[in-house]
Amino acid sequence: MDESITKEPRKAAAAPKKIFKNKIRRHLPVGKGPYTVGCVDFMNDHTEEGVFFRLFYPTKKSDIYKRDRQWPLWLPRKQYGHGYVYFLGRNIKTFGKFFNWYVDDVYVPALSQAPVLKMDNIKYPVIVLSHGLGGNRTTYSTLCCELASQGFVVAAIEHSDGSASMALRLKEFFNNNFNNNNTEDSTDSHSSPESSSSSSFTPPPPDTPQRHRLQHLNTFNEDWKPFEKVEDIFDFKYRNGQIYHRSEECRKVLDLLTAMDQGELIHNVFGVVFDTSQFKNCLDLSKASVIGHSFGGATCLCTLATDKRFKTGVVVDGWMHPLDEQVYKNVTQPVLMINYETFQWLANVKQMSRFLTKTMITVRGTCHQSISDFQFIANPVLARIMRVRYSLTPKLAFGTSAKGMLGYLRKHLGLAGDQHSDIFNGDHDLVINGTNLKLS
């Protein structure tokens, strides 16, 4: 018998399986709490009466990494990159391009415009966040995501007082010709802050990437407001006026959150379709807090002094110079002051000590930006050169601060969860009780 017939035919080798793995987008740290985080940009009015903020909140539980295509960019527009560079006093044409290139692919791990998570008998305490000089609504996205993942609703304001590195507002115009290019949003222009702070940027070319475009209503142009530089940065009258303007914006945000909790449908002139009535009976307005960094720390204290709906506050490496006597007299709520090792100076800490309801700690191995996102975006060498990190790793620097403020808020708002009392009591290895400076 032919041997070839008796042998079983050889099986063809299996073709290698093609494994398609989508590379997860470059992103900031994901919140460590039990909630998945959603976010939305909101502007209630295009006039000076309006306020612009990014709202972070718990949403339906899901694998955040599998939904990275729903994450918003950390730098929503190139103008914000130009704003940072202008604030630092660098050449926008050169350094603006580098900055935008360097951060162009950084995303915030929150689901854009996701619905709020509604649960029986659970209401989310609210936080209003005030940025420092040269910040904006996305500068502290890591902190916002962490707080929202722990069950808070956080509104990060983009202040319009001239203290933001770049602030976006809308300007009404009346040309409703849909075929006119001016009806498109001026989004990706190459105008710099030096050229004009009040006129609209030129419209983008038709091939502008969609991620840099916003769908505003046809009746508005974008109005970019760069950081206002003044001859004397310590001009008390000017800075004091700014903190009252900023605290008024904090009050307006709390008013809007109150209206949302009552089920009001509030129009978002920013052009984002988002049903605010879904927050009905979801917010615990009796547990409202305000947090601020640096100049935002002064804003936090001014807000506590002028609006007693805010029950507690957290001042992160605050700057006290802009405060007047009325603020010192009228802050009665508990305040946590988290200072960083390399930033504070004697006169500033002495002013902090005047607040009788404060708890003060200093985190070792930290610098002024140890609460912001920059430390996570820049590589270690560049971060040290830019002074956005010090000897402590970003994970430890940020984590110690975040745990301290979370524990403090839980304690003073009567919330469940780990209070991390070792941190805000100064019993932690990385924390100094009070200050590292000699006050006498």
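Predicted model: local features only at pLDDT ≥ 70, side-chain atom pairs only at ≥ 80, totals over all residues.

Colleague: Great. What is the strand order in the open sheet of 10 strands?

Modeller: The order is E3-E1-E2-E5-E4-E8-E9-E10-E11-E12, and the pairing is mixed. Strands (E, at least two residues) and helices (H or I, at least four) are DSSP runs numbered from the N terminus, and two strands pair if DSSP finds at least two bridges between them.

Colleague: And which strands stand at the edges?

Modeller: Strand E3 (111-112) and strand E12 (431-433); each has a single partner strand, so one side of each has no neighbour in the sheet.

Colleague: Which strands does E5 pair with?

Modeller: E5 (residues 153-157) pairs with E4 (residues 124-130) in the parallel sense over 4 bridges. In that pairing, valine 128 has alanine 155 as its bridge partner, and isoleucine 127 has valine 154. With strand E2 (residues 52-59), E5 pairs in the antiparallel sense, also over 4 bridges; there, arginine 54 is partnered by alanine 156.

Colleague: How many of the residues of E5 are buried?

Modeller: 5 of its 5, where buried means under 20% relative accessible area, exposed over 50% and partly exposed in between (1.4 Å probe, protein chains only). Val153, Ala155 and Ile157 cover one side, with Val154 and Ala156 on the other.

Colleague: What about E6, why is it largely enclosed?

Modeller: Strand E6 (residues 166-172) has 5 of its 7 residues buried, so the rest of the structure largely encloses it. E6 runs antiparallel to strand E7 (residues 220-226), joined by 7 bridges, and leucine 168 has tryptophan 224 in E7 as its bridge partner.

Colleague: Switching topic: is glycine 296 buried or exposed?

Modeller: Buried, at 0% relative accessibility. Glycine 296 sits in helix H6 (residues 295-306), and its C-alpha is separated by 9.8 Å from that of serine 163, 133 residues apart along the chain.

Colleague: Last one: where is aspartate 422 found?

Modeller: In helix H12 (residues 421-424). Aspartate 422 is partly exposed, with a relative accessible area of 33%.

Technical notes
Residues numbered from 1 in each chain as written. Heavy atoms only, no water.
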